[in-house]
Amino acid sequence: MSRTVVVLAVLVLAVAGAVAGLFVILNRAEGPAIELVRPTDLVGRSAVFEATVEAPRSELTALEAVIEQDGAAYPLFSFGDPAAADMRQEGPDRIRINRTFDRESHPEIRAGTATVRVSATRPVVFGLSERSTTVAVDVEVRLQPPRLAVASTFHYVNHGGSEAVVYTVSPSDSESGVRVGDRLYPGYPAAGLVEAAGDNLRLAFFALDYDQDLNTPIELYATDAAGNEASAQFDHRRFPRNFRRARINVSDGFLRRVVPSIVSQAPELADEQPDGTDEDLLDLYLFINGELRRQNRATLIELAAGTAPQVLWDGAFRQLANSQVESGFADHRTYLYEGDEVDQQVHLGFDLASTANAPIRASNDGVVVRADYFGIYGNCVIVDHGMGLQSLYAHLSSIAVSPGDGVEQGQQLGLSGQTGLAGGDHLHFAMLLNGRPVSPVEWWDPHWIEDRILRKLRAASGAGD
Ligand SMILES: [Zn+2]
């Protein structure tokens, strides 16, 4: 064999090896990884398309998303025209695309089934070839907003007080309730409370809070599983209330008793150590009366999210026996120290004084959701009565229940005391709706319970489907 033949044979083998190598790379190369984040099952009147696409160095030669219906495809995203979409690079290999589409951008889409399809292509072997991936999901398009119908009449709401409304919502898996300004009060299934009621009947308690304008808008709202929204008005009257004003003298003796005790027990104040001077005690007191009070109120709103979805109480709530009302709901308090105004706060409960270490009893049936030291409230018990309604008992000297305990009306929760921000032995009692204080006077009144709640539930008998 000549030298030339040998060289040629080696060359042929080398080329064949290179070609075989390319085939191996090609066979192993995969298309871009696509994750269709939204929609996954339902598309409403307005919907969000969101997907991530992963490829080495994010090198893509094509990326398209469409929604298909009845044989036609309508673009959701295109590399060439990403106008309506937000496209973000998330690390070197990954991009995320996101856009809203609705009746205006896609007027052709009708109620019924549709398919969302995403395709991406990337170059392989230095651009000599390509690899593609397609991901598709079948969705149901729902364009009809949820329907709301009010079943109760005569809604009267006092400023700082509560009220109930009974209504139906369809489809029955919609989220719904009452919106008062920026505050939402969810409605709960009322079937167990109303004779022959359908499973789309709802009861919602709501409040016009003392710190909201008397004319704050009040309406029913609903959002279905596809994100379609609806709202409805219902007839109601509102009544103004005069909240009392009170002036409270803060004495050094009071500061020396309450401040170090709260500082030592409230975790929010773990870094504070009073240096013993009266000025320092006053500063800490103002922090407790302002910032700690605000933190405690935020905690109450978080706690309300775990409320039971059914009514646990029965009949009027009970006031502390033989007690003297020392302070009303939503009193506006001005605090004076050595004659100077040092603070202003609103007192959101009732101060009820009886005898020292008086037995404190559950005002109605419910489940204990908190029983421990709780900032300005000192030793505190909170009982959940369901559907967003809770009662709070503060400043106790001792606690006799634990979270999770079911309690009956009149059952002892502990003994009164003066722990937390308390000027003397008394019970600070509050009724909370969705974690915000409402006037307890209404809930103590059997006539109010009858007119505002029970009458509406009886009248709704047979409602819903
Ligand atoms: Zn109080």
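## An enclosed space

A cavity is here a set of grid points where a 1.4 Å probe fits but cannot get out. In this predicted model, the count comes to one cavity of 30 Å³ or more, and the largest cavity has a volume of about 70 Å³. Among the residues that line the largest cavity are Val-43, Gly-44, Arg-45, Phe-101, Asp-102 and Arg-103, and the lining also includes His-106, Ile-109, Val-141 and Leu-143.

## Domains

The domain assignment divides the protein into domain 1 (29-141), domain 2 (147-242 + 452-459) and domain 3 (245-434). When the centres are taken over C-alpha atoms, domain 1 and domain 3 are separated by 54 Å.

## Nonpolar cores

The largest nonpolar core holds 61 residues, of which Val-178, Phe-205, Val-381 and Trp-443 touch the most other members. Strand 16 (residues 201-207) gives the most to this core, contributing six residues. Because domain 2 (147-242 + 452-459) and domain 3 (245-434) both give residues to this core, the core lies between them. Another core, of 29 residues, lies apart from it and includes Phe-254, Leu-284, Tyr-335 and Leu-421.

Residues count as buried when their relative accessible area is under 20%. Asp-351 therefore counts as buried, at 8% relative accessibility, and His-428 is likewise buried, with a relative accessible area of 7%.

## Glu-272 in its loop

Glu-272 is placed in the loop between helix 2 (252-265) and helix 3 (278-304), where this residue counts as partly exposed at 35% relative accessibility. Leaving aside residues up to four places away in sequence, Glu-272 touches Val-263 and Leu-284, and Leu-284 is also one of the members of the core of 29 residues. Glu-272 and Asn-357 are 85 residues apart in sequence, and from C-alpha to C-alpha they are 30 Å apart in space.

How values were computed
Residues numbered from 1 in each chain as written. Predicted model: local features only at pLDDT ≥ 70, side-chain atom pairs only at ≥ 80, totals over all residues. Heavy atoms only, no water. Buried < 20%, exposed > 50% of the residue type's maximum accessible area, 1.4 Å probe, protein only. Core = buried A, V, L, I, M, F, W, Y, C linked by side-chain atoms within 4.5 Å. Helix = DSSP H or I, 4+ residues; strand = E, 2+ residues; numbered from the N terminus. Domains from an automatic or database assignment. 1 Å grid on protein atoms, 1.4 Å probe; cavity = no way out; pocket = protein on both sides within 12 Å on 5 of 7 lines; lining within 4 Å. Points joined across faces, edges and corners; volume = space filled by probe spheres on them. Contact = heavy atoms within 4.5 Å.
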